[in-house]
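Thanks for making time this morning. I have one model to go through, and I'll keep it short.

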Amino acid sequence: MWNQTDNGETIGTIGSESGEIIKDEEHSKGARLTLEKGGDIAPYSITSGVYGCFFHTTYLSTLEEGVNELYAMKAEISEFFDTETTSDEEHDWIMAFVGRH
């Protein structure tokens, strides 16, 4: 299940890409997605991570792209948590996720 990180207290603060956090959610099984605007590298960015597995940043041009990408990532990560995998399958999933995003 996805919920706002820190009850929404991170919204409006500066994120890891030096932009303003506009959406910040954590999955109860151990993942986080943070959407920022106005960062150093791109107009929008999403930092994504599954705790203990990977951390990745995606750069985007528009808010619409950012929101669409965020929802796609949420769905993929939720499905990952709902599927039993071996360590090799987990590695393959991570590489495919990072390649798509």
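Predicted model: local features only at pLDDT ≥ 70, side-chain atom pairs only at ≥ 80, totals over all residues.

Five strands make up an open sheet, in the order S1-S2-S3-S4-S5, and the pairing is antiparallel. S1 and S5 are the edge strands, each pairing on one side only. From one strand to the next, the twist averages 20°. In general, strands of a sheet pair through backbone hydrogen bonds. Here, S2 and S3 run antiparallel and are joined by seven bridges. If you want a pair to look at, take Asp 24, whose bridge partner in S3 is Thr 34.

H2 packs on this sheet, where it touches S4 and S5. The direction of H2 makes about 15° with that of S5.

Now the helices. H1 covers residues 63–81 and H2 covers residues 87–100. Their axes come within 12 Å and cross at roughly 175°. An angle over 145 degrees counts as roughly antiparallel, so that is how H1 lies relative to H2. Which residues make the contact? On the H1 side they are Glu 69, Met 73, Glu 76, Ile 77 and Phe 80. On the H2 side they are Glu 90, Trp 93, Phe 97 and Arg 100. By class, that contact of H1 with H2 has five nonpolar residues, four charged and no polar ones.

A quick check on the length of H1. It has 19 residues, and at 1.5 Å a residue it should span 27 Å. The C-alpha atoms at its ends are 27 Å apart, so the two agree.

What about burial in H1? The buried residues are Gly 66, Glu 69, Leu 70, Met 73, Lys 74, Glu 76, Ile 77, Ser 78, Phe 80 and Phe 81. And what covers them? The cover includes strands S1, S2, S3, S4 and S5, together with H2.

Last, the cysteine. Cys 53 lies in the loop between S4 and S5. Leaving aside neighbours within four places in sequence, Cys 53 is in contact with Glu 90 and Ile 94. Glu 90 also belongs to the H2 side of the contact with H1. As for Ile 11, it is 42 residues from Cys 53 along the chain, and their C-alpha atoms are separated by 25 Å.

That's what I have; questions are welcome.

Technical notes. Residues numbered from 1 in each chain as written. Heavy atoms only, no water. Axes fitted to C-alpha atoms, helices over the stretch in contact; angles between N-to-C directions. Helix = DSSP H or I, 4+ residues; strand = E, 2+ residues; numbered from the N terminus. Parallel < 35°, antiparallel > 145°, perpendicular 65-115°, else oblique. Contact = heavy atoms within 4.5 Å. Nonpolar A, V, L, I, M, F, W, Y, C, P; charged D, E, K, R; others polar. Expected span 1.5 Å × (residues − 1). Buried < 20%, exposed > 50% of the residue type's maximum accessible area, 1.4 Å probe, protein only. Pairing = 2+ DSSP bridges.
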